[in-house]
Amino acid sequence: MSDGAYSNVPAGDLDLGEEEWRRLSLTIRIEHECTHYFTRRVFSSMHNNVLDELIADYMGIVAADGRYRADWFLRFMGLEDYPHFRGTGRLGIYRGDPPLSDGAFRVLQSLTKRAAENLETWDRSERGRTFDSHVKGRVLMALTRLTLEQLAASMPS
């Protein structure tokens with residue numbers, strides 16, 4: 001596994017020191033890949049789509065920082081300056097082949113941004129809870145039952 005900056009995001013973009021970001025990047029990367037492995041083993045499937053990446057990055061970011069950071073995920077995806085998309089962001093990978101139309105890709109960007117922000121809101125509301133392996137498993141099982149559209153939907157107050 002690479003020990004470089006996660007998603008090729010420089011430490012300075014996150015206001016972190018180089019060594020701290022390398023350490024956090026490795027934690028994110030390990031947890032991200034373990035999440036993919038878990039979904040492959042438990043559900044006999046792993047998809048190369050934005051929802052799976054959101055879930056895997058959620059688990060990685062929480063493992064690294066103790067809480068979910070939508071701003072980090074959006075930077076990894078190239079949506080840190082939404083509605084502008086940074087072409088070097090990972091979201092471009094999920095445009096598909098044949099690629100989504102420009103309009104459909106804008107919809108995917110919007111859904112991704114809203115889902116990440118809603119996930120952060122939910123995560124913040126759950127922070128009093130210990131994030132041990134039992135809770136991680138339950139959170140992962142719950143997230144895999146949702147669609148990107150459901151995660152992006154307005155949350156009730």
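Author: A cavity here is a set of points, on a 1 Å grid over the protein atoms alone, where a 1.4 Å probe fits but cannot get out, and a lining residue has an atom within 4 Å of a point. Helices α4 and α5 each supply at least two residues of this lining. Helices are DSSP runs of H or I with at least four residues, numbered from the N terminus. The volume of the largest cavity is about 50 Å³, and the count of cavities of 30 Å³ or more comes to one. A volume is the space filled by probe spheres set on the grid points, which are joined across faces, edges and corners.

This is a predicted model, in which local features need pLDDT of at least 70 and side-chain atom pairs count only at pLDDT 80 or more, while totals for chains, interfaces and linings use all residues. Residues are numbered from 1 along each chain as its sequence is written, and side-chain values use heavy atoms, with hydrogens and water left out.

The pLDDT, the predictor's confidence in each residue from 0 to 100, averages 92 over the protein, and 96% of the residues score at least 70. Helix α5 (residues 133–144), which contributes to the cavity lining, has the lowest confidence, at a mean of 90, whereas helix α3 (residues 70–77) has the highest, at 98.

The loop between α3 and α4 (102–125) holds P83, and P98 is also placed in the loop between α3 and α4. The peptide bond from Y82 to P83 is cis, with omega near 15 degrees; the bond from D97 to P98 is cis too, with omega near 5 degrees.

In the segment before α1 (18–43) is S7, a residue other than glycine whose phi is positive, near 55 degrees. S7 counts as buried (under 20% relative accessible area), with a relative accessibility of 18%. N8 lies in the segment before α1 and has a positive phi of about 60 degrees without being a glycine. N8 is exposed (over 50%), at a relative accessible area of 72%.

R29, in helix α1, touches M1, S2, D3, G4, A5, Y6 and S7, not counting residues up to four places away in sequence. Contact means heavy atoms within 4.5 Å. R29 is buried yet has no salt bridge, and the nearest side chain of opposite charge, D3, is 6.7 Å away. A salt bridge is a side-chain nitrogen of Lys or Arg within 4 Å of a carboxyl oxygen of Asp or Glu.

Methods. Buried means under 20% relative accessible area, exposed over 50%, partly exposed in between (1.4 Å probe, protein chains only). Lys and Arg count as positive and Asp and Glu as negative; His and the chain ends are not counted. On a 1 Å grid over the protein atoms alone, a cavity is a set of points where a 1.4 Å probe fits but cannot get out, and a pocket is an open set with protein on both sides within 12 Å along at least five of seven lines; lining residues have an atom within 4 Å of a point.
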